[in-house]
Amino acid sequence: MKAAVYERIGGPEGLHLVERPDPVVAPSEVLIRVKSISIEGGELLMRRMLDPGPDPAIPGYSAAGEVVAVGSAVSGFAPGDKVATFASGGSYAELRATPAETCWRVPEGADILAASAVPTAFGTAGLALRLASVTPGETVLVQGAAGGVGLAAVQMAARAGARVIGTSTSADSLEMLKDFGLDDGIVVGNGPTDEQVRALLGGRGADVLIDNVGGDGL
């Protein structure tokens, strides 16, 4: 199969197309033919900072595609299924073997290209909300709400029964997010965020902060 690997630290110019053996599916794995990938921030950092060594591994966290084989211990998937997958590497290739426990069926009619962007963003947001133990009635402030993880956090916090406040540099983006569960939007630059939050909440702060920005904003 063809795969992309990075052979030196740096930007995308370090990526090269190579031939690699087809993956052998393990008993607990699903083998997919990759249709799309989502390039994540962690992969960019890895390419910029981590020496790939003389035999570079195939990078890539998230990919979506069609199941071509399943391991002997796997149930619930069959060849032909459309799925989104997550693993610590291996998505930059024509074929990918991934654990069945981090493989999810793509609903009928959903865009297979967009599906590859779901596992990392929603997995990150879901972990953050679980660590925060969000409960119904709490207020969740999502900084950078219009980004990938931000959009996922808005939807999942709303589903958990929270009041969701989001920040963005764009009022138009915040207005669009109301269709995904955002209750209130704060435009960065229209005054300190904490003051705007307290104005919305009668003087108190939010119960949970999901920060996707850092820096002075945090």
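1. The largest pocket of this predicted model is lined by A84, F86, T102, W104, R105, V106, P107, A115, V118, P119, F122 and G123. A pocket is, on a 1 Å grid over the protein atoms alone, an open set of points where a 1.4 Å probe fits, with protein on both sides within 12 Å along at least five of seven lines, and lining residues have an atom within 4 Å of a point.

2. Residues are numbered from 1 along each chain as its sequence is written, and side-chain values use heavy atoms, with hydrogens and water left out. In this predicted model local features need pLDDT of at least 70 and side-chain atom pairs count only at pLDDT 80 or more, while totals for chains, interfaces and linings use all residues.

3. The volume of the largest pocket is about 260 Å³, a volume being the space filled by probe spheres set on the points, which are joined across faces, edges and corners. Its lining takes at least two residues from each of β5 (82–86), β7 (103–105) and α3 (118–131), and α3 gives the most, with 4 residues. Helices (H or I, at least four residues) and strands (E, at least two) are DSSP runs, numbered from the N terminus.

4. The second largest pocket holds about 220 Å³ of space and is lined by 13 residues, of which L141, T193, D194, V197 and L209 lie nearest its centre. At least two lining residues come from each of β8 (139–143), α6 (193–200) and β11 (208–211), with α6 giving the most, 4 residues.
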